Structures are given as C-alpha cells and as structure tokens.
Amino acid sequence: MKEVITYSYEETLAMASDYAKTLPKGSVIGFVGGLGMGKTAFTTGFVKGLGINADVSSPTFAICNDYIGEKARVYHFDMYRVESWDDLYSTGFFDYLETDAYILAEWSENVFGALPDDAVIIEIEKIYENTRKFIFKSKSDYIED
Ligand SMILES: Nc1ncnc2c1ncn2[C@@H]1O[C@H](COP(=O)(O)OP(=O)(O)OP(=O)(O)O)[C@@H](O)[C@H]1O
Ligand SMILES: [Mg+2]
C-alpha cells in the first residue's frame with residue numbers, strides 16, 4: 001500500500017500524471033472518497049499524463065466520458081447514480097473492461113463487486129483545505145480492511 005499527500009490541486013495533477021505513465025494499459029482504478037475530494041482532479045492529471053488533450057469533468061449525467069488519445073483511451077465513470085447491474089450493463093462498463101482502455105470510476109463503492117480483482121482502489125481523504133491524502137490499495141486489501 002502506498003500513500004501520497006498533495007498540498008494543492010496542481011500537485012495532484014502532477015502526481016496523477018506521473019502515476020498514469022507507470023500504470024499498464026487496461027488498468028481499472030476505483031476511487032473512494034466523497035464530494036470535492038479530488039477524484040476528477042486526479043483523473044484530469046491522469047489523462048494529461050497519457051498525452052490526451054481533453055476537457056475532463058465528472059460525468060454526472062452522462063455517467064461515462066471517454067477521452068481518446070493517439071496512444072491511449074480512458075473511460076471515466078461517475079457511478080454516483082448507478083444503482084443496479086442493469087444500470088451498469090447499459091453504460092458499456094463490461095465492454096470496456098475487455099479492451100486495453102483505462103477505466104477510472106468515481107463513486108466506485110457503488111459497483112465494487114463489478115470491479116476486477118486487480119483493480120487499484122484509491123481512497124482519498126481531506127486532511128486540510130488544500131491537502132489530500134491518496135491511499136493506493138488493491139481490491140483485496142480493501143476487502144480485508
Ligand atoms: N490537494 C488537492 N488535490 C486536489 N484537489 C484539491 C486539492 N486541494 C484543493 N482541491 C480542490 O478540491 C476540489 C476537488 O474537486 P474534484 O472535482 O476533483 O472532486 P471530486 O472528488 O471529483 O468530487 P465529486 O464527487 O463532486 O465529483 C477542487 O475544487 C480543487 O481545487
Ligand atoms: Mg468528480
């Protein structure tokens with residue numbers, strides 16, 4: 001388990017950008033952390049780190065945004081309103097899992113059982129106004145906790 005503390009939004013962007021470059025294609029990240037924690041901030045840096053030029057925002061109404069680059073693709077989910085397996089099927093989540101695209105899911109606790117066993121779970125805690133702690137876990141660590 002790894003922990004990283006960032007002291008600004010910009011620092012989160014840089015950290016996530018570096019992290020993206022180390023993560024194999026096809027990886028799935030599930031975020032755990034409430035409103036305004038920095039899930040979208042992390043995703044913004046991550047997408048940038050893969051060389052993708054896109055406007056990143058929480059896909060609250062669309063449920064899924066895609067960011068397509070020349071060398072990588074990212075599917076960015078907001079699972080806040082996803083309440084059933086039927087809902088999840090209709091988003092294309094399971095189809096994207098079969099590809100080499102990255103999948104990043106906000107509110108992943110809503111679909112925890114559907115995440116692959118090797119998913120990275122990133123818990124985010126607010127330490128202070130501009131300070132966030134990112135705790136990187138595997139899905140199995142998370143279940144044991
Ligand atoms: N260290 C930090 N890292 C990331 N964001 C920070 C940090 N410090 C302050 N912030 C602020 O916290 C907010 C994070 O918002 P963001 O949209 O990323 O949250 P979120 O977890 O996606 O929330 P939501 O569940 O509402 O989509 C931004 O306003 C950002 O400027
Ligand atoms: Mg968000």
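In which sense do E6 and E7 pair, and over how many bridges? In this predicted model, the two strands pair in the antiparallel sense, and eight bridges link them. A hairpin of two residues leads from E6 to E7, and Tyr 128 stands opposite Thr 131 in E7. Strands of a sheet pair through backbone hydrogen bonds, and the pairing may be parallel or antiparallel.

E6 and E7 belong to an open sheet of seven strands, arranged in the order E1-E7-E6-E2-E5-E4-E3. The pairing within this sheet is mixed. Its edges are formed by strand E1 (2-6) and strand E3 (64-68), each of which pairs on one side only. On average, neighbouring strands of the sheet are turned by 20° against each other, direction ignored.

Strand E2 (residues 28-32) stands between E6 and E5 in the strand order. With strand E6 (residues 120-128), E2 pairs in the parallel sense over four bridges. Here Phe 31 stands opposite Ile 122, and the bridge partner of Val 32 in E6 is Glu 123. E2 and E5 also run parallel, joined by three bridges, and in this pairing Gly 30 stands opposite Ala 105 in E5. Five of the five residues of E2 are buried. Both faces of the strand are covered, with Val 28, Gly 30 and Val 32 on one side and Ile 29 and Phe 31 on the other.

Helix H1 (residues 9-22) lies across E1, E2, strand E5 (102-106), E6 and strand E7 (131-138), and runs at about 145° to E1. The largest nonpolar core contains 24 residues, and among these Ile 29, Phe 42, Phe 46, Val 74 and Ile 122 touch the most other members. At least two residues of this core are supplied by each of H1, E2, helix H2 (39-49), E5, E6 and E7. H1 provides the largest share, namely four residues. When neighbours within four places in sequence are left aside, Phe 46 is in contact with Ala 16, Ser 17, Tyr 19, Ala 20, Leu 23, Ile 29, Val 74, Tyr 102 and Leu 104. There is also a second, separate core of 21 residues, which includes Phe 77, Ala 101, Ala 105 and Ala 119.

The magnesium ion (ligand 2) is coordinated by Thr 40 through OG1, Ser 58 through OG and Glu 106 through OE, at 2.0 to 2.2 Å. In sequence, these donor residues follow the spacing T-x17-S-x47-E. Thr 40 lies in helix H2 and Glu 106 in strand E5, so this pair ties together parts that are 66 residues apart in sequence. Both Thr 40 and Glu 106 are buried.

A further residue of interest is Ser 108, placed in the loop between E5 and E6. Is Ser 108 buried or exposed? Its relative accessible area is 0%; because buried means under 20% relative accessible area, Ser 108 counts as buried. Not counting residues up to four places away in sequence, Ser 108 touches Gly 30, Phe 31, Val 32 and Leu 115.

Terms used. Residues numbered from 1 in each chain as written. Chains lettered and ligands numbered in written order. Predicted model: local features only at pLDDT ≥ 70, side-chain atom pairs only at ≥ 80, totals over all residues. Heavy atoms only, no water. Pairing = 2+ DSSP bridges. Axes fitted to C-alpha atoms, helices over the stretch in contact; angles between N-to-C directions. Contact = heavy atoms within 4.5 Å. Core = buried A, V, L, I, M, F, W, Y, C linked by side-chain atoms within 4.5 Å. Buried < 20%, exposed > 50% of the residue type's maximum accessible area, 1.4 Å probe, protein only. Donors = N, O, S within 2.8 Å, 3.2 Å for Na, K, Ca; no water.
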